[in-house]
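Let's take a walk through this one together. Keep the sequence and the 3D view side by side as you read.

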Amino acid sequence: MGLSEDQVKVLCACVSEAPMSELMDIAGRTNRTKFRNSVLKPLMQAGLIEMTILDRPRSSNQKYRVTERGRALLAGRDTP
């Protein structure tokens, strides 16, 4: 699976639940829409991360966490 450097950083950060603002800081991004479309959505579509509040995706308390599939990927990969 070809993940970008930012996606790997976000995946590692999601081992413990993290809000989008923290993930953006880790990736060095400032544009929420571009960050969501180029980093978060591909990771969620691949089943590597998930939202903590599934029924309220726009919640201000929304956080992201790594899935079992994401943990398996990280276990077989060197972290940056």
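Start at threonine 67. Setting aside neighbours within four places in sequence, threonine 67 is in contact with Gly47, Leu48, Ile49 and Glu50; contact here means heavy atoms within 4.5 Å. Threonine 67 sits in the loop between strand 3 and helix 4. Its relative accessible area is 13%, so threonine 67 counts as buried. For that word the cut-offs are under 20% relative accessible area for buried and over 50% for exposed, with partly exposed in between (1.4 Å probe, protein chains only).

A quick word on what you're looking at. This is a predicted model, where local features need pLDDT of at least 70 and side-chain atom pairs count only at pLDDT 80 or more, while totals for chains, interfaces and linings use all residues. Residues are numbered from 1 along each chain as its sequence is written, and side-chain values use heavy atoms, with hydrogens and water left out.

Now zoom out. The protein chain has 4 helices and 3 strands, and along the sequence they come in the pattern α-β-α-α-β-β-α. The radius of gyration is 12 Å, close to the 12 Å that the globule rule gives for 80 residues, so the chain is as compact as a globular protein of that length. (That radius is taken over C-alpha atoms, and the rule is 2.2 Å times the number of residues to the power 0.38.) Helices (H or I, at least four residues) and strands (E, at least two) are DSSP runs, numbered from the N terminus. Along its principal axes, the C-alpha trace spans about 35 × 25 × 20 Å. Of the 80 residues, 35% count as buried. Among contacts between residues at least 6 apart in sequence, 46% join residues at least 24 apart.

Next, the sheet. Strands of a sheet pair through backbone hydrogen bonds, either parallel or antiparallel. Here the 3 strands make an open sheet in the order 1-3-2, with antiparallel pairing. Strand 1 (18-19) and strand 2 are the edge strands, each pairing on one side only. Two strands pair if DSSP finds at least two bridges between them. Strand 1 and strand 3 are joined by 2 bridges, and proline 19 stands opposite lysine 63 in strand 3. Strand 2 and strand 3 pair over 3 bridges. Methionine 51 has tyrosine 64 of strand 3 as its bridge partner, while isoleucine 49 stands opposite valine 66.

Helix 1 (residues 5-13) has its own set of buried residues: Asp6, Gln7, Val8, Val10, Leu11 and Ala13. What covers them includes strand 1, helix 2 (20-27), helix 3 (32-45), strand 2, strand 3 and helix 4 (68-75).

The loop between strand 2 (49-51) and strand 3 (63-66) is worth a visit, and serine 60 is one of its residues. With a relative accessible area of 73%, serine 60 is exposed. Serine 60 and methionine 20 are 40 residues apart along the chain, and their C-alpha atoms are separated by 9.6 Å. Aspartate 55 belongs to the loop between strand 2 and strand 3 as well, and at 67% relative accessibility aspartate 55 counts as exposed. The C-alpha atoms of aspartate 55 and valine 39, 16 residues apart along the chain, are separated by 21 Å.

Is glutamine 62 buried or exposed? Glutamine 62 lies in the loop between strand 2 and strand 3, and with a relative accessible area of 5% this residue is buried. Not counting residues up to four places away in sequence, glutamine 62 touches Pro19, Met20, Met51, Thr52, Ile53, Arg56 and Pro57.

The accessible surface comes to about 5,000 Å², of which 46% belongs to carbon and sulfur atoms; the areas come from the Shrake-Rupley method with a 1.4 Å probe, and for residues only the protein chains shown count as cover.
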